[in-house]
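These are my notebook entries on a single chain, set down in the order in which I looked things up. The structure itself comes first.

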Amino acid sequence: MIPFPSNLLLFSPIPIFLIITSTQNPSTMGVKSFVEGGIASIIAGCSTHPLDLIKVRMQLQGENHATGRGGITRPPRVGPISVGMRIIRQDGFRALYSGVSATMLRQTLYSTTRMGLYDMLKTKWTDPNTGIIPLWQKITAGLIAGGIGAAVGNPADVAMVRMQADGRVPPAERRNYKSVFDAISRMVKNEGIGSLWRGSSLTVNRAMLVTASQLASYDQMKETILNRGWMKDGLGTHVTASFGAGFVAALMTNPVDVIKTRVMNMKVVAGKAPPYTGAVDCALKTIKAEGPMALYNGFIPTISRQGPFTIVLFVTLEQVLKKKGSRSRRREAIQALLCSSSSSFEVPPQLGERSRRDSSMSHTHSPVSAFTSFTGICTLIF
């Protein structure tokens, strides 16, 4: 185990990567898991950002009633289409992408960490003989990866929620953050560094639920579809399993997400009591003023986002992994050609055979065999 300062955990996935991979086989554990998951998450996050913004606006509906500033009457409900049209009408189409820079940073920190860690833990816990990992271990891997990822990405999450919610208040009351880095710097300057982890317990709980339900259910649904022969391993299987995983994640996490959004977005004024003293207080005030179903505010845009997000996420990831597998096979063939050229003109019958490759490295390359290998490599590449 590699010792490291505990506060590094909140700023970078690299120490976590070093700890888990320090005793693992580098051929199976590496930074590729983080990169692949990060690429897929960023693409998915940016693709579904407008739906996420509409979800945040809907989750904040009726908040003045919950905090006691507007009485206890039930607020009118506005659907996702009406919310979206209102945003476009008031602030233009670009307003649907308010806070997209924060989304990119959040996905870079949070999703890169959780996807990478989940893949590494799943690989570590998979039975090497059967290639099977039980569902409960997938859920455990999701809980661990999601919790750590949320701690890493909380500052970007707070900035994203605030930038998405800014347009719902009058212009004079808006924060008007220029970018995610402007938001983070102003939060630190005006509210202290602790504000970057406001609602972090909720973020961690939500992320653990999302990761456990989303990633574990995707793996389980995909395995079930393939094992029962309903579909072949292709785009149809990936889309079906992704949509099912997105629905499960939305159903599990919406109540926590509503409370998280309200706690992160609240304005704390010096000398005045904050709107909420914590997550429990926020939940109680919300239920008292708006009823229990208020915890499912924004469920329609949540499932509308989680479905496409999960589909884009896993389909992209499957394509990245497929490309990675093709490159690995191509690289193995090239290495075998290079090694075989030192002893003969022929390509070895089994590409990548370690013993033959090792023994051939000790011989001298001839010009003709080198040319033969070169032409073979060109054939493989082009």
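Entry 1, confidence. I began with pLDDT, since this is a predicted model. Among the elements of the chain, I found the lowest mean pLDDT, 38, in helix α1 (residues 14-21). The highest mean, 93, belongs to helix α8 (residues 180-191). For the chain as a whole the mean pLDDT is 74, and 72% of the residues reach 70 or more.

I then looked up the two ends. Over residues 1-29 pLDDT stays under 50, and the model has 38 contacts beyond four places in sequence for this stretch. Over residues 336-382 pLDDT likewise stays under 50; here I noted 47 contacts beyond four places in sequence. I keep both sets of contacts on record together with the pLDDT of their stretches.

I counted 14 helices and zero strands in the chain. Read along the sequence, the pattern is accordingly α-α-α-α-α-α-α-α-α-α-α-α-α-α. Of the 382 residues, 48% are buried. Among contacts with a separation of 6 or more, 75% join residues 24 or more positions apart.

Which residues have the most contacts inside the largest nonpolar core? I found Met115, Tyr118, Leu215, Tyr218, Leu313, Phe314 and Leu317, in a core of 19 residues. Two or more residues each come from α2 (32-47), α6 (100-125), α7 (135-165), α9 (200-227), α10 (235-265) and α12 (299-340). The most, five residues, come from α6. A second, separate core has 18 residues, including Leu105, Val161, Met163 and Ala183. For background I note that nonpolar side chains tend to be buried together in soluble globular proteins.

I followed Phe314 further. With its neighbours within four places in sequence set aside, Phe314 is in contact with Met115, Gln214, Leu215, Tyr218 and Ser242. Of these partners, Met115, Leu215 and Tyr218 are also named among the residues with the most contacts inside the largest core.

On the α7 side I listed Pro155, Val158, Ala159, Arg162 and Met163. They meet Val180, Ala183, Ile184, Met187 and Glu191 in α8. Met163 and Ala183, on either side of this packing, are both in the second core.

The axes of helix α3 (residues 49-59) and α10 come within 9 Å and cross at roughly 75 degrees. This pair, too, is roughly perpendicular. From α3 the contact uses Lys55, Val56 and Gln59; from α10 it uses Asn254, Asp257, Val258, Thr261 and Arg262.

Is Thr261 buried or exposed? With a relative accessible area of 1%, Thr261 is buried, because buried means under 20%. A polar atom of its side chain lies 2.9 Å from the backbone oxygen of Asp257. Neighbours within four places in sequence aside, Thr261 is in contact with Val56, Gln59, Leu60 and Val161. Val161 is one of the residues of the second core.

The backbone oxygen of Gly298 lies 2.6 Å from a polar atom of the Thr302 side chain. Not counting residues up to four places away in sequence, Thr302 touches Lys55, Gln59, Ala250 and Asn254. Lys55, Gln59 and Asn254 also take part in the contact of α3 with α10.

Ile300 lies in helix α12 and, at 49% relative accessibility, counts as partly exposed. Its C-alpha atom is separated by 8.4 Å from that of Gly79, 221 residues apart along the chain. Val31 has its place in the loop between α1 and α2. At 45% relative accessibility, Val31 counts as partly exposed. From C-alpha to C-alpha, Val31 and Gly116 are 7.7 Å apart in space, and 85 residues apart in sequence.

Conventions. Residues numbered from 1 in each chain as written. Predicted model: local features only at pLDDT ≥ 70, side-chain atom pairs only at ≥ 80, totals over all residues. Heavy atoms only, no water. Core = buried A, V, L, I, M, F, W, Y, C linked by side-chain atoms within 4.5 Å. Buried < 20%, exposed > 50% of the residue type's maximum accessible area, 1.4 Å probe, protein only. Helix = DSSP H or I, 4+ residues; strand = E, 2+ residues; numbered from the N terminus. Contact = heavy atoms within 4.5 Å. pLDDT = per-residue confidence, 0-100. Polar contact = N/O pair within 3.5 Å; in protein donor to acceptor, adjacent residues only side chain to side chain. Axes fitted to C-alpha atoms, helices over the stretch in contact; angles between N-to-C directions. Parallel < 35°, antiparallel > 145°, perpendicular 65-115°, else oblique.
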